[in-house]
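Could you take me on a walk through this structure in my viewer? I would like to know what to select at each stop and what I will find there.

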Amino acid sequence: MTDLIVIGSGPAGLAGAIAAAGTGLRVTVVDEFIRPGGRLLGQLHQEPSGEWWNGIKEAEKLQHEAHALGINIRCGVSVYNIETAEAGWKVYTNEGVLEAPFVLIATGAAEYPIPVPGWTLPGVMSIGAAQVMTNVHRVQAGRKGIIIGANILAFAILNELQLAGIKVDRVVLPEKNAVSRQAGEPEAVIRSLLNAAHLAPSALLRFGSRLMKNETIRNIGTRFYPKNGLKINGTPLQLRKAAVEIIGTEQVEGVRTVDIDAYGHVIPGTDRLYEADFVCIAGGLYPLAELAAVAGCPFEYIPELGGHVPRHSETMATPLPGLFVAGNITGIESGKVAMAQGTAAGLSIAKQAGKQAAASGRQLEQAIEHVRTIRQQVAIQFHPDIELGRSQMNEQWKAHEGTSVQPGEKIG
Amino acid sequence: MIENKQLIICRCEEVTYEQLQSTARQHTCSARELKLRTRAGMGFCGGRTCRIALDAIMDSFIPDENKAVIPLKYQPPIRPVSFGTVGGRHD
Amino acid sequence: MTRIIDHAILGKLDSLKKVSFQFNGKSYEAYEHETVAAALLANGIRQLRVHEESGTPRGIYCNIGHCMECRVTVNHQPNVRACLTKVEEGMTIESGRRHPTPLKKTEGLQ
Ligand SMILES: Cc1cc2nc3c(=O)[nH]c(=O)nc-3n(C[C@H](O)[C@H](O)[C@H](O)COP(=O)(O)OP(=O)(O)OC[C@H]3O[C@@H](n4cnc5c(N)ncnc54)[C@H](O)[C@@H]3O)c2cc1C
Ligand code: FES
């Protein structure tokens, strides 16, 4: 018998499982990846303090804690559906159906692409794919790569590729179009990088300090941005070049670029071809909330959180009885925030399950407070207005409190 | 606007920007209908890869659709299941 | 592609036990516990399948189970994600093939 099924063994899922099991609940965790840890596994960066954040180590710590508490972690198990049962939820997996009164969905985030002509060629991958290949599987993504897209995830992973001795030839922007929008405008890209620069890891910090915060100077800065780009540990960041096509027949052979002005307009006659055997597309992250949608959970659209997010409270409850969410499914943030949210969710579930340890005392309130504190401290923040997004969700939750939702009622 | 009309947006069904654009023009349809007509976002990955890109394109064709509604419905199974597994749920 | 045996921060790769497997009828070596996708890339293979209708080559895209681009047939089971599947000794893996009569995409609601 299981009291709680946790879907996803990332930082949120594992922390949730640990908090719940700590109060005496019987917990099963399922995850389709080959080992526990979720996207924590690929993470490797230096904190402003100089300390290394090694996701593999962090994941191992969580895994040991979970084992000590008797939590059953099942990897290689994919959840393909979730439905209400007589008492709780039925979770359908490729290894059979699980049932429990409580479910915590902690499925994290997915990457969205910026489509570029030629992007279906083998050797073109999402930036996260290169991260996992390098740090988790320890196989080089290629000999010489080009990154398309300049955002915080791209810089974190550029650093990781360099650490592993992989040559990244250059970082260029996607061509400005209906999909890339601001990601294809040098001016807007610099603005968003500067927003992140004060808290970001080393490479970005050094980069950020070379650009100026003042608006007019920044504009001049983009206009006179050095043609060959600024270098980040030897890799030119070419904000005034856009990728127009990925070349190759059987697999990637190179990238064709054009020069662009500060607003992303193409400067005619500036075609160049750069050789590469792999290309990483850095679009961005969005909450992977498909299971919450299938369960019938209502959603809110909050761009600061990454788009469509299941409606939830600060106690990580959804409007559906027994269904909880934590981590990046509730909004795109760093692993540490996901972990803190997981703890809050686990305690919240224990409280509902009537576990004394969680019901009495201020554990849950403290866990919620801890989420807020961590949010202010983290080295990586994906959206500058995350606090705004969080408070919008809280308002939505309060506005709908008391209105009943039928589980299984499909939305969309 | 997208210059290269042959640009594939949905990898699974190989739906190009041009197909999306011409279908939207021809049928003046909703985002949902556009997906059904072109099959964009309805292939093997269930739209996980192209969903956000597709939404951005739809938004450029049809700006004022209700955002609180998820434009592309999620339908189980959201992961591949072998025939045996799906059958197994009924016994 | 080269393996990253020694890493400045992550340290040395341990557990270097080798297993052999077949991909499209050819034998390759992999390290135990690694995914099919990682093992094939380490052997220099990027193309995992072709698009069923157009025949265009495809490889991994997301590497974490979301995009389904890496689907292969493993021990006769089709549509298995190479990026989530651990290689095992003696495993046989096949690329999908292009459908013999490519379905013409028809416009219209189905
Ligand atoms: C590719 C990528 C790279 C990232 N890199 C960084 C970074 O460098 N630094 C940083 O701070 N943040 C990074 N992030 C953000 C990251 O999401 C958070 O740091 C954190 O890992 C989120 O934790 P989580 O527990 O919510 O989800 P995750 O860590 O994503 O864990 C979710 C888990 O759920 C599993 N899962 C999902 N769906 C199913 C299903 N249907 N069935 C079974 N299992 C399922 C997945 O396999 C996964 O293991 C990255 C995110 C992605 C997607
Ligand atoms: S590469 Fe995306 S599912 Fe395997």
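## Where chains C and B meet

Start by showing chains C and B together: 20 residues of chain C touch 18 residues of chain B. Keep in mind throughout that this model is predicted. Between them, chain C and chain B bury about 1700 Å², with 47% of that area on carbon and sulfur atoms. This pair of chains has 2 salt bridges. To see one of them, select C:Glu69 and B:Arg11, whose closest N and O atoms are 2.7 Å apart.

Before you zoom in, here is some background: most residues other than glycine have a negative phi, and most peptide bonds are trans.

Now select B:Thr28. This residue is not a glycine, yet its phi is positive, at about 35°. You will find B:Thr28 in the loop that runs between helix H1 (17–27) and helix H2 (31–38) of chain B.

Next, select B:Pro76 and B:Pro77. What kind of peptide bond joins B:Pro76 and B:Pro77? The bond is cis, with omega at about 0°. B:Pro77 sits in the loop between H3 and H4 of chain B.

## From chain B to chain A

Over all chains, the count of salt bridges comes to 34.

Which residues of chain A lose the most area to chain C? Select A:Ile34, A:Arg138 and A:Val139: together they account for 22% of what the chain A side buries.

There are 2 salt bridges across the interface of chain A and chain C.

Finish inside chain A. When two helices pack, we describe them by the angle between their axes and the distance between the axes.

For the first stop, select residues 11–22 (helix H1) and residues 55–68 (helix H2) of chain A: the axes are 9 Å apart and the packing angle is about 30°. That angle makes H1(A) roughly parallel to H2(A). The crossing of H1(A) past H2(A) is left-handed. Show side chains to see A:Pro11, A:Leu14 and A:Ile18 of H1(A) meeting A:Leu62, A:Glu65 and A:Ala66 of H2(A). This contact has 5 nonpolar residues, no polar ones and 1 charged residue.

For the last stop, select residues 335–352 (helix H9) and residues 363–377 (helix H11) of chain A. Are they roughly parallel or roughly antiparallel? Their axes come within 9 Å and cross at roughly 165°, and H9(A) and H11(A) are therefore roughly antiparallel. H9(A) passes H11(A) in a left-handed crossing. The residues in contact include A:Ala340, A:Ala344 and A:Leu347 of H9(A) and A:Leu364, A:Ile368 and A:Val371 of H11(A). By class, the contact of H9(A) with H11(A) has 9 nonpolar, 5 polar and 3 charged residues.

Methods. Residues numbered from 1 in each chain as written. Chains lettered and ligands numbered in written order. Predicted model: local features only at pLDDT ≥ 70, side-chain atom pairs only at ≥ 80, totals over all residues. Heavy atoms only, no water. Axes fitted to C-alpha atoms, helices over the stretch in contact; angles between N-to-C directions. Helix = DSSP H or I, 4+ residues; strand = E, 2+ residues; numbered from the N terminus. Parallel < 35°, antiparallel > 145°, perpendicular 65-115°, else oblique. Left-handed = near helix turned anticlockwise from the far one by under 90°. Contact = heavy atoms within 4.5 Å. Nonpolar A, V, L, I, M, F, W, Y, C, P; charged D, E, K, R; others polar. Buried area = accessible area lost by both parts, 1.4 Å probe. Salt bridge = Lys/Arg side-chain N within 4 Å of Asp/Glu carboxyl O.
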